[in-house]
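Please read these comments with the model open beside them.

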Amino acid sequence: MDLQKIRSTLYKLNVLYNEASTESNFQIDIYCKLAALELCGWIEETNDELVIGYMERYLSEKEVKDFKSKYIQKVHGFNYQKHLRPLLINLLGVILVSKMEMDLKFEIDYLEDLLDELYIYRCKLAHRQYFESNPAIGQAQISIDAPSKIIDKFNSISHLLTKIGEFINNIDFSKISPR
């Protein structure tokens, strides 16, 4: 998980946002939208890295490549139920994913809520245009989270994804046996 790169990007956008607070709403909106989109892209990449990193420990290069083309490349989103969970099930199987969800129930529930909220927010941003010439149109649309709020979401999400990564990386297949 490349925390430094995304953290640096979000903090730079926050500085630019704060410096632009006397500028046009358009410039401020752009920093806000970019921060949200950067976070969403980072989540998608991190989900892929969780799966790929684990596979590379146990599978051949060809098997990893086949898994990527069969499953990972078809995922276009970061929702837990629709995107991450199916990847994890294809990687680990439903039994291990169910065990992870039981062991990390609070974390998974919280992550799911955060990702659902962020996904809805991202979709609204993607369909929102700024109409500088007609402020009434812009006001009728959604408000945008400041980069500092996106940083808060990043901190929570990265912590939760780290917990999932730790669980996955601590699976010891030698201790797993049928009933």
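The numbered points below take up a pocket, a helix contact and an aromatic pair.

1. Basis. The model is predicted, with local features needing pLDDT of at least 70, side-chain atom pairs counted only at pLDDT 80 or more, and totals for chains, interfaces and linings using all residues. Numbering starts from 1 along each chain as its sequence is written, and side-chain values use heavy atoms, leaving out hydrogens and water.

2. Pocket. Asp 2, Lys 5, Ile 6, Thr 9, Glu 38, Gly 41, Trp 42, Glu 45, Thr 46 and Glu 49 line the second largest pocket. (On a 1 Å grid over the protein atoms alone, a pocket is an open set of points where a 1.4 Å probe fits, with protein on both sides within 12 Å along at least five of seven lines; lining residues have an atom within 4 Å of a point.) Helix α2 supplies the largest share of that lining, 6 residues. (Helices are DSSP runs of H or I, at least four residues, numbered from the N terminus.)

3. Helix contact. The axes of α4 (residues 80-92) and α5 (residues 94-103) come within 7 Å and cross at roughly 125°. (Axes are lines fitted to C-alpha atoms over the stretch in contact, and angles run from 0 to 180 degrees between N-to-C directions; contact means heavy atoms within 4.5 Å.) Among the residues that meet are Leu 88 and Ile 89 in α4, and Val 97 and Met 100 in α5.

4. Aromatic pair. Tyr 54 and Tyr 58 form a tilted pair, 5.0 Å centre to centre with 50° between the planes. (Rings of Phe, Tyr and Trp, the last by its six-membered ring, pair if their centres lie within 6.5 Å; planes under 30 degrees apart count as stacked, over 60 as edge-to-face and the rest as tilted.) Because they are 4 residues apart in α2, about one helical turn separates Tyr 54 and Tyr 58. The structure holds 5 aromatic pairs.

How values were computed: Helices (H or I, at least four residues) and strands (E, at least two) are DSSP runs, numbered from the N terminus.
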